[in-house]
Amino acid sequence: MRRPRPEPHPDSQSQLASRPLPAEQVAQREWPALRAGLLDAAAALDRIDRAGGGDSAERRLAQRLLEVLAEPGRADRAERVLTLLSREYDPSWRERFADGQGSADPPPA
């Protein structure tokens, strides 16, 4: 006798495509990771501020990113954060990085 196939998990791709989870369930599922990330960010900003780095380019960029995250009703925060963290396209990037002049520093705020 053949065993019945198990039901797919409610979060599986096939289920998500046909029946999105209610907002409350998504919020409950995402909360632990969001809480941890916010706590990490708050602690990092505290360390920067205690060290006197309150006016560094990184601190200014972090402040701008927090403003983007705090805007209510937006569903494009990830895209906007990535844009702020991205560099402008530089057609000579290969030469700069080959010469060791490229860096992973964040773009100026």
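**Confidence.** The pLDDT of the protein averages 83, and 76% of the residues score at least 70. Which helix has the lowest confidence, and which the highest? I found the lowest in helix H1 (residues 13–18), with a mean of 57, and the highest in helix H4 (residues 77–85), at 95. A reminder to myself: where pLDDT is low, the predicted coordinates should not be read in detail.

**Overall make-up.** Next I looked up the secondary structure. I noted five helices and zero strands, and along the sequence the pattern reads α-α-α-α-α.

**Surface and contacts.** How much of the protein is buried? Of its 109 residues, 10% are buried. I put the accessible surface at about 9400 Å², with 56% of that belonging to carbon and sulfur atoms. Then I checked contacts with a separation of 6 or more: residues 24 or more positions apart account for 15% of them.

**H2 against H3.** I turned to one helix pair. Two packed helices are described by the angle between their axes and the distance between the axes, so I looked up both values. Helix H2 (residues 23–50) packs with helix H3 (residues 57–70) at an angle of about 145°, and their axes are 11 Å apart. The crossing of H2 past H3 is left-handed. Which residues make the contact? On H2 I listed Leu45, Ile48 and Asp49, and on H3 I listed Arg59, Ala62 and Leu66. Sorted by class, that contact has four nonpolar, two charged and no polar residues.

Is Arg59 buried or exposed? Arg59 counts as buried because its relative accessible area is 13%, and the cut-off for buried is under 20%. Leaving aside neighbours within four places in sequence, I found Arg59 in contact with Leu45, Ile48, Asp49, Gly53 and Gly54.

How values were computed:
Residues are numbered from 1 along each chain as its sequence is written. This is a predicted model: local features need pLDDT of at least 70, side-chain atom pairs count only at pLDDT 80 or more; totals for chains, interfaces and linings use all residues. Side-chain values use heavy atoms; hydrogens and water are left out. Axes are lines fitted to C-alpha atoms, for helices over the stretch in contact, and angles run from 0 to 180 degrees between N-to-C directions. Helices (H or I, at least four residues) and strands (E, at least two) are DSSP runs, numbered from the N terminus. A crossing is left-handed if the near helix is turned anticlockwise from the far one by less than a right angle, and right-handed if clockwise. Contact means heavy atoms within 4.5 Å. Ala, Val, Leu, Ile, Met, Phe, Trp, Tyr, Cys and Pro count as nonpolar, Asp, Glu, Lys and Arg as charged, and the others, Gly among them, as polar. Buried means under 20% relative accessible area, exposed over 50%, partly exposed in between (1.4 Å probe, protein chains only). Accessible areas come from the Shrake-Rupley method with a 1.4 Å probe; for residues, only the protein chains shown count as cover. pLDDT is the predictor's confidence in each residue, from 0 to 100.
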